[in-house]
Amino acid sequence: MSAGLDAAARLQTLHTPAQQCEYLLRLGLQTPEQPSLRSASHRIPGCQTPLWIAVECRSGIVHWQADSGSALVRGVLALFHERYDGRTLEEIRCDPPDFLHHISGEILSPELRRNGLTACYRRIACLTTDKDIEQKNKK
């Protein structure tokens, strides 16, 4: 079973928004803040909740870090990290974050899903290629 399926499976076992919220907050509080990411160049635009992401590719493997001003969102980002860090772009592109649909709308607003978390996925998988990432990392 992949890490992504594990995340989705865990979310599916949490039947109430309160259980989901507690789980995501716990993950977010266990995830250290990344103040070094908090710059305009790493910011995901168009999201009310601040999100920052830095992506790099080493030997064909994508590594990334992310942060948010919200512990709840950091919890979701921890699930993203579990699912996508250390994988190839092809693997990431073939594995969209469907687990987001298992999180109650009472926990994640549609705007946060669309403008923030889906944008994080696109930044990792769709809007960047190995060459783009490697060129950016050389600067």
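H42 lies in the loop between helix 2 (17-30) and strand 1 (51-58); helices (H or I, at least four residues) and strands (E, at least two) are DSSP runs, numbered from the N terminus. The model is a predicted one, in which local features need pLDDT of at least 70 and side-chain atom pairs count only at pLDDT 80 or more, whereas totals for chains, interfaces and linings use all residues. Residues are numbered from 1 along each chain as its sequence is written, and side-chain values use heavy atoms, with hydrogens and water left out.

H42 has a relative accessible area of 17% and is therefore buried (under 20% relative accessible area, with exposed over 50% and partly exposed in between; 1.4 Å probe, protein chains only). Not counting residues up to four places away in sequence, H42 touches L37, L51, W52, I53, A54 and R123, contact meaning heavy atoms within 4.5 Å.

The protein as a whole contains 6 helices and 2 strands, in the order α-α-β-β-α-α-α-α from the N terminus on. Of its 139 residues, 42% are buried. Among contacts between residues at least 6 apart in sequence, 62% join residues at least 24 apart.

Helix 3 covers residues 71-84, 14 residues in total, and reaches 20 Å from its first C-alpha to its last, close to the 20 Å expected at 1.5 Å a residue; the expected span is 1.5 Å times one less than the number of residues. At the start of helix 3, a side-chain oxygen of S70 comes to within 3.3 Å of the backbone nitrogen of L72. Just after the helix, G86 adopts a positive phi of about 85 degrees. Helix 3 is mostly covered, with 11 of its 14 residues buried: A71, L72, V73, R74, G75, V76, L77, L79, F80, R83 and Y84.

The axes of helix 3 and helix 5 (residues 110-125) come within 11 Å and cross at roughly 30 degrees, where axes are lines fitted to C-alpha atoms, for helices over the stretch in contact, and angles run from 0 to 180 degrees between N-to-C directions. Helix 3 is therefore roughly parallel to helix 5 (angles under 35 degrees; over 145 count as roughly antiparallel, 65 to 115 as roughly perpendicular and the rest as oblique). On the side of helix 3, the contact is made by V73, V76, L77, F80 and Y84; helix 5 contributes L112, L117, C120 and Y121.

Terms used. A polar contact is a pair of N or O atoms within 3.5 Å; within protein, one must be able to donate a hydrogen and the other to accept it, and residues adjacent in sequence count only if both atoms are side-chain atoms.
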